Every structure is written in C-alpha cells, then in structure tokens.
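Here is a quick, friendly tour for anyone meeting this structure for the first time. Have a look at the picture, then read on.

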Amino acid sequence: MKRYKIYKLNHNVHELLKQYPQIKEMLINLEPKNNFFSKQMECFFQPNEGVSDYIEYKLKNRYDYHREKNKHYIDNQLTKERLSCIVYDYYIVVEANKKTNIFMDIIYQISKSYVIMVEQSKNVEV
C-alpha cells in the first residue's frame, strides 16, 4: 500500500515552494499541536471544510463504502483490499495501491489546488 498526504495549498505557497523547495519538509511536518502551529497551517494550507460530507455524498450508494467520522473506506470483496481516506483539518491521507483511485478522483473534483506532498510506501505484512 502507498500512503499519499494531500494538501490544498494557499496561492502564495506555490511561489514560496518554487523559490525555496527545502521548505517542503518543514511544511509537511507541521501538526496542529497548539495554537501557534494551527495558525501556521492556516497561513500555508486551505481548510478541508465539507470534504468528508462531499466524499460521503459521492459514495454513499456503494455497497462497499462506509464512513467512521472523518475516515472513509472502500473494501474490495474479491481482492480483500481496503482503500482508505482520512480527512484532517488541513490535509488528507489516502492509502491505496495505486495513485489513481476513487478518492483521488473525488478530491480533485472538489479542487484542482490539491497537491500530493508526501508519497510513502507502507509495508504490508503477509
């Protein structure tokens, strides 16, 4: 499984990342631990208000979909694979085998401003 961390960047951040690419690591490690870090995240990223509800709206009629608060899952009965999408205030985490999947399609329907800033392989125990 691969893990994709997706952000909706504010317009001014695109230029900042072009000019100072080393800032990317600092940005993706920001967590809203306290008010200071939350305010930093507000400066760099747009909030994900309504994203969970929109994902549910698009997928609620599928028999293989279910939601637990901000977590969305699609379970493939044949392959036993599970796609997951977790929507946080300022970023979204998608876990899937391929970059092209239903969650990515829905996220990009919401806005073309979303960018994948972290892509990691996740070891799966067999």
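Two strands count as paired if DSSP finds at least two bridges between them. Strands (E, at least two residues) and helices (H or I, at least four residues) are DSSP runs, numbered from the N terminus. What you see is a predicted model, where local features need pLDDT of at least 70 and side-chain atom pairs count only at pLDDT 80 or more, while totals for chains, interfaces and linings use all residues. Residues are numbered from 1 along each chain as its sequence is written, and side-chain values use heavy atoms, with hydrogens and water left out.

**The sheet**

- Six strands make up an open sheet with antiparallel pairing, in the order β2-β3-β4-β5-β1-β6.
- At the edges sit β2 (65-68) and β6 (114-121), each pairing on one side only.
- On average, neighbouring strands here are turned by 15° against each other, direction ignored.

**Strand partners**

- β2 and β3 (residues 71-75) run antiparallel and are joined by four bridges.
- In that pair, Glu68 stands opposite Lys71 in β3.
- The hairpin of β2 and β3 has two residues between the strands, and Lys69 takes a positive phi near 55° there.
- β4 (residues 82-87) and β5 (residues 92-96) are also antiparallel, with four bridges joining them.
- Ile86 has Val93 in β5 standing opposite.

- Helix α4 (residues 51-59) and helix α5 (residues 102-110) have axes that come within 10 Å and cross at roughly 120°. Axes are lines fitted to C-alpha atoms, for helices over the stretch in contact, and angles run from 0 to 180 degrees between N-to-C directions.
- α4 and α5 are therefore oblique to each other (under 35 degrees is roughly parallel, over 145 roughly antiparallel, 65 to 115 roughly perpendicular, and the rest oblique).
- The crossing of α4 and α5 is right-handed, meaning that the near helix is turned clockwise from the far one by less than a right angle.
- From α4, Val51, Tyr54, Ile55, Lys58 and Leu59 meet Ile102, Phe103, Ile106, Gln109 and Ile110 in α5, with contact meaning heavy atoms within 4.5 Å.

**Aromatic pairs**

- How many aromatic pairs does a search of the whole structure find? The search turns up five, counting rings of Phe, Tyr and Trp (its six-membered ring) whose centres lie within 6.5 Å.
- Tyr54 and Tyr57 form a tilted pair, 6.3 Å centre to centre with 35° between the planes (under 30 degrees is stacked, over 60 edge-to-face, and the rest tilted).
- Both Tyr54 and Tyr57 lie in helix α4, three residues apart, about one turn of the helix.
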